[in-house]
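Hello,

Here is the structure I promised to pass on. My notes follow below it.

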Amino acid sequence: MVKHVFGFFLAIAVVSQTMAQFFGGGGFLPSGGIGGMGGYKYGPAWGSLSSSYDGRRLGPVDLGGGAHFKLPNDGFAGARASIQPGVGGTSSLYGKVNIFDTPTHRLDVQGHHDRFLNRDLKPVGPAINEIGANYKHVGGATAHIGASKVGGGPIQGSLGASVPLVSTPQGGINLGVQGVAGQGMKPQGQIGVVGEFKF
């Protein structure tokens with residue numbers, strides 16, 4: 001027996017000086033019933049609501065919202081939250097900043113701070129923090145370094161780099177290095193050569 005899954009999508013946009021936009025969508029669920037979501041965007045701020053209905057009862061309602069701001073040179077900063085009323089949810093602060101961008105070099109720094117929320121929308125459990133930097137060279141070389149920390153636990157760091165050994169219009173061969181280290185753990189690393197060609 002083959003079960004057909006049907007879906008539909010609806011989007012409504014209002015373009016004006018206020019740059020307001022409605023969005024939404026819905027479809028039939030493989031398990032039966034329907035699901036849908038809708039939202040509203042005004043400038044950098046947005047909000048959404050989604051739920052489902054299986055023919056007998058309404059499923060959990062998910063509420064989301066936040067704001068996303070663009071920064072120079074493809075940078076950004078924002079905040080978002082997703083909750084189920086009476087249950088809890090998650091919240092996050094995030095961002096990326098370009099340090100420098102020249103015809104030869106580019107360096108970006110990004111990070112985020114995440115929390116779980118209880119049914120009263122108060123932070124609960126350990127905070128999750130991550131920060132990292134990404135470097136790109138016009139010749140194809142890349143490098144990254146990062147660190148993460150969960151609550152009062154140890155800081156864990158990671159680094160990696162990739163250097164092109166052979167580069168052609170059809171593909172190339174890169175030398176890659178990766179490593180992970182942290183308090184209370186044995187440092188781990190690997191080095192390898194990766195090739196990709198299109199014919």
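The side chains of D108 and N98 are joined by a polar contact of 2.9 Å; the term means a pair of N or O atoms within 3.5 Å, where within protein one must be able to donate a hydrogen and the other to accept it, and residues adjacent in sequence count only if both atoms are side-chain atoms. D108 also makes a side-chain polar contact with R106 (2.9 Å). D108 sits in strand 8 (strands are DSSP runs of E, at least two residues, numbered from the N terminus). With 8% relative accessibility, D108 is buried (under 20% relative accessible area, with exposed over 50% and partly exposed in between, using a 1.4 Å probe and protein chains only).

This is a predicted model, so please keep in mind that local features need pLDDT of at least 70 and side-chain atom pairs pLDDT 80 or more, while totals for chains, interfaces and linings use all residues. Residues are numbered from 1 along each chain as its sequence is written, and side-chain values use heavy atoms, leaving out hydrogens and water.

Leaving aside neighbours within four places in sequence, D108 is in contact (heavy atoms within 4.5 Å) with K96, V97, N98, G132, A133 and N134.

L71 lies in strand 5 (residues 62–71) and is partly exposed, at 34% relative accessible area.

Best wishes

How values were computed. Helices (H or I, at least four residues) and strands (E, at least two) are DSSP runs, numbered from the N terminus.
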